[in-house]
Every structure is written in C-alpha cells, then in structure tokens.
Amino acid sequence: MKNTCSLLLNYSLLILCILSTIGCDKGDTSDRDHQVFRYNEQYQISTLDPAFARNPPIIWPVNQLFNGLVQLDNDLNVQPDIAKSWEISQDALTYTFILRDDVRFHKHPAFNTKDSTRIVTAADFVYSFNRLRDPKIASPGSWVLGNVASYSAVNDTTFIITLKKAFPAYLGLLSMRYCSVVPKEVTTHYGNEFRSHPIGTGPFKFKRWEEGVKLVLRKNELYYEKDEDGVQLPYLEAVAITFLPDKQSEFLQFAQGNIDYLNSLDPSYKDEILTASGTLRAKYQDRVQFEKVPWLNTEYIGFYLDSDTPEVQSALLRKAVNYGFDRKKMITYLRNGIGKPAVNGFIPKGLPGYDYIKGYEYDGTLSRKLIAQYIKETGDTSPEITIGTNSQYLDICEYIQRELQKVGLKVNIDVMPPSTLRQMKSSGELDAFRASWIADYPDAENYLSLFYSKNFTPNGPNYTHFKSATYDSLYEHSLSITDIGQRKKLYRTMDSLIIDKSPIIPLYYDEVVRFTQKTISGFEPNAQNFLVLKYVKKQKL
C-alpha cells in the first residue's frame, strides 16, 4: 500500500508540474489555467509529423496541430477544411479544390516575415504531397497517393488532383492526417527533427514535448475556424498529455480528477466503473459522463493461409473455431456490454455496406461435428492451433481457448508485446493472430481491401494471404462504381464470401467508449474515434 500511495503521489506531482509548465508563459492568469484539457496516452509516440500519423496515439495530437483539404464531421460526412469548395469531373478523375485565403501557419522564425507566419497556398499542398511521396522521407502514408496521376497549383487558391482511375472513396481518404499541409520553410529548417518541432495550421500549436513524460499544446490565436456564433475556435487554452504506461494508474488519476478523459475500457478497472450490463456505477454518476457509439473497428482473429500447418489450411477447422464460442457471452462478461458481437460480416456497423448477413453464431454441436469430420479426413486425432496476441486481449483469447477445449480443439496462446505481434503478423510468422482493423477512411472498401490478393503483406494489409479470383474480380469492379447503392450490393457479396471461406474469426464490432469529467462539454464522439478538441469547453470547478 505504501508503494502504491507513493506512486500515485509521484503521478499527481507530475501532472501538477505539467499544469505549472502550461501556466508559466508571460500573460497567463489563474483564470485561464483551468481551461486545460488533460488526457493520458498509454503508448509512447515517436513523432508529431503528420507524414507518420499511422495510429491513434500519434493521430490524436497531430489532429490538433494540422489541417488538410477536407475534414469529416461526427457523422463521417466530408466537410470543407482548408478547401472551402471542390468540383469533381464527370469521369470522377479530376478534383478541383478552391482554397480559403485566410488560413495561416503557426508562427515560426523560419518564415522570415514581419509577423513570423504566412497564408497557406495551393503550392503548399504540392510541396506536402511531394514530401509524402519522397522515398527519403519514407512515409507510411505514401500509399494514399498511389492512385494519383498528378497534382498541381493553378494559382494560390486552386489545387487540382487527377487520379489514375476513379476511386469513389477518394474525398474521404483525403481527410487522413497524412494529407495535412506542412510549410516547406520549417520542414527544411528542422529536417528529421520536424518530428519534434511541428508547425501546422491547426486549432492548437506546439509548445513543449518531453518524450515519454509530457506533451503540451497551446491555443492557436491565428486559427481560422469560428463557431456558429462567430466566436473563434478553439475555446480551450491548452491540451496537456501525459504518458503513464499503466492503465490502472491512468484510471486512478481520472478518478481523482487529475485528467479529464479516459479513452478505453481496460480489464484492470472495467468492473470498478461499469456494471456487468455496461452502465456507469452509481458512485461515479455525479461527476463522470459515460457515452458509447459504434466505432469503425472490427476485432478479429486472422489465419495465415500460407501456413504449412494443416489445421490452419482446413476450412472445416476454421469454421469449427467460428462456431465454437459464444460471442454474446464474451461481450457481456469480458467487456461489460461494450461492443457488438460480430455475428454478421467483417464490415462493422456504422459504415455503408454493413448488412445483417448471416455470420457465425454459437453452435457447439456443429463445431464438434466439423472437428470430428476434420479428424476423420486427416487422421489427426489431436488437432490444435496457436493464437498470437498481446496481454490486452489475453482474457478474450483464454475464453476462446476454454470454449474450444470443450468441443475437442486444443488452443495454445502465445502472448507477446504489441510491437512483436505487429511484426510477426506482417511477416507471416504466426499461424493465427489477434488483430483489429480501424477504418482509415469511411468506406467499406477499406475493410474489404484486407482480402484482395494484390494486397498481400508486407506490401499491403492482406495479413491472412486470402486469395480468390471471384473476390478479386468483385473488388476491382466495385472501384469503378460511383453509385453507393450499387457498391453496397457488391460489398455485401464480398463480405459473404469472406464469411464462407473463413480466413478470419470476427470477434466483435467495437464501440467508442468515453469517460469524461462532468466539467467537460462539446466533446462529441465519432465513429472513427478521432480526438476533436476545438469545440470542447471546460467549466471551472
């Protein structure tokens, strides 16, 4: 107990130090200190360069610092950002964007202007896209320009993109942080160190980063967006991020009111804050807000189909695993009702293309029959599979292990660090692996691309190495159709084919879970789980 109290005291002192750091600038007053939004990031981040914004821990702060041509609203509709309007040619190949003329970069001496800033122009997007493509930069987001034939600045406010072939989801793809505008003067000034000296156009500007300890962003007094009453955004004075690696310690800081937001439901505290039915416990209802919405995230177990392991090669056994455990019980007892059982397809609820196709419901009798048929056909009397996972999902994998043991299939669990799991999954070193797919952009094509044969890892996201000529043909045909109704029919057919061939075990369609202090308002959840803080307000205690 003494050690625990000491640890919590150290964490509290750390957060107090961050707040004092925020308030130490000349001209700050105590009345503004409370306008600091505080959250913890469990995972260390390596960069604040949007060209490397490949996962939520990086995307969240980058989203406060940078803007692109377009943005998504909470309903995943494409909205203007730096581009105030656009036109698409009849052949859906040419996109003409008209830019605002009042968006300024954050101040920096490298601009060498009287006020240390300047207006964003179309030439800045040409530079930013060139940088994204530059092999010397080696951005993991270069793929977003793979279908782009050319782009050019006609003048300061007109930017044109021409595609190689029509791609219906292209506008949504441009909302990704990879496509943010960056200033040439500053990126060339810092070189590789732009990662820790980011200058963008976003609602907040970079202040200080002590890697692994704290990150502080301050209000951008030059930000262009205003609310519906004409008040300049953002409302907050600052954003403070800590990097406590332990989720239980993070929860204790939230419970003590030292941070404003919890972004996940961890097994270490889920029963403390939520009832078994997924409602907020009474002791927190007077000071905590709890909300959940569908998240474009499908959690699954994948089979590496190029494996030499007979069990993995067998569609009978893969289907037996799918039938062999109760997803509804799994959600109720292991996740306190957070998430929806994946008893339909791979496409998650909340996306056009999601449909109530027949997936895998629990059927222990059928699972046993399929395993018995596999044993009879192969002579292998002791079939077994090994699933690679990280510690965060160990409870789910152990549940599946226990349930499949009952129907005659031995399951081994190989627990490894997240980085190792990612590497081994990408290189085909795991027969089966726990994984998730979070939408890069709001179109079901993004999910279905995981099973297109030309996307085999390591050159694409097809981790299972699933291959089907029928599927490939349907996928390629869908890319040429602009009508969403027609595309949805093809998406349904492709999703049904994946369920039938079972290269994966869909587990659940996740939900965005947000716990916030009741002093916070204007913090709306969205299906991509983006952190949008420009509309957030914080009441003074």
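A salt bridge here means a side-chain nitrogen of Lys or Arg within 4 Å of a carboxyl oxygen of Asp or Glu. The model is predicted, so to speak, "as is": local features need pLDDT of at least 70, side-chain atom pairs count only at pLDDT 80 or more, and totals for chains, interfaces and linings use all residues. Residues are numbered from 1 along each chain as its sequence is written, and side-chain values use heavy atoms, with hydrogens and water left out.

**View 1. Glu-210 and Lys-214 meet in a salt bridge.** The N to O distance between these two side chains is 3.3 Å. Are the two partners buried or exposed? For this, buried means under 20% relative accessible area, exposed over 50%, and partly exposed in between (1.4 Å probe, protein chains only). Glu-210 counts as partly exposed because its relative accessibility is 36%, while Lys-214, at 8%, counts as buried.

**View 2. Lys-283 pairs with Glu-272.** Their closest N and O atoms sit 2.9 Å apart in this salt bridge. The pair links distant parts of the chain, 11 residues apart: Glu-272 belongs to helix H8 (270-273), and Lys-283 to the loop between H8 and strand S12 (288-303). Helices (H or I, at least four residues) and strands (E, at least two) are DSSP runs, numbered from the N terminus. Lys-283 is exposed, with 51% relative accessible area, and Glu-272 is partly exposed at 31%.

**View 3. Arg-131 reaches Asp-49 in a salt bridge.** Here the closest N and O atoms are 2.5 Å apart. Arg-131 is in helix H4 (residues 122-133) and Asp-49 is in the loop between strand S1 (36-40) and H3, so the pair ties together parts that are 82 residues apart in sequence. Both Arg-131 and Asp-49 are buried. Elsewhere, Arg-38, Asp-260 and Lys-538 are linked in a network of salt bridges, and the whole count comes to 22 salt bridges.

**View 4. Arg-131 and Asp-49 turn up again in the lining of the largest cavity.** On a 1 Å grid over the protein atoms alone, a cavity is a set of points where a 1.4 Å probe fits but cannot get out; a pocket is an open set with protein on both sides within 12 Å along at least five of seven lines; and lining residues have an atom within 4 Å of a point. Grid points are joined across faces, edges and corners, and a volume is the space filled by probe spheres set on the points. The largest cavity holds about 50 Å³, and the search finds 4 cavities of 30 Å³ or more in the whole structure. Other lining residues include Pro-50, Ser-128, Leu-132 and Tyr-178. The lining divides into 5 nonpolar, 2 polar and 2 charged residues, where Ala, Val, Leu, Ile, Met, Phe, Trp, Tyr, Cys and Pro count as nonpolar, Asp, Glu, Lys and Arg as charged, and the others, Gly among them, as polar.

**View 5. A look into the second largest pocket.** This one has about 510 Å³ of space. Its lining has 27 residues, and Gln-71, Leu-72, Val-532, Lys-534 and Tyr-535 are the closest to its centre. Helix H3 (56-65) and strand S2 (70-72) each supply at least two lining residues, with H3 giving the most, 3 residues. By type, the lining has 10 nonpolar, 10 polar and 7 charged residues.
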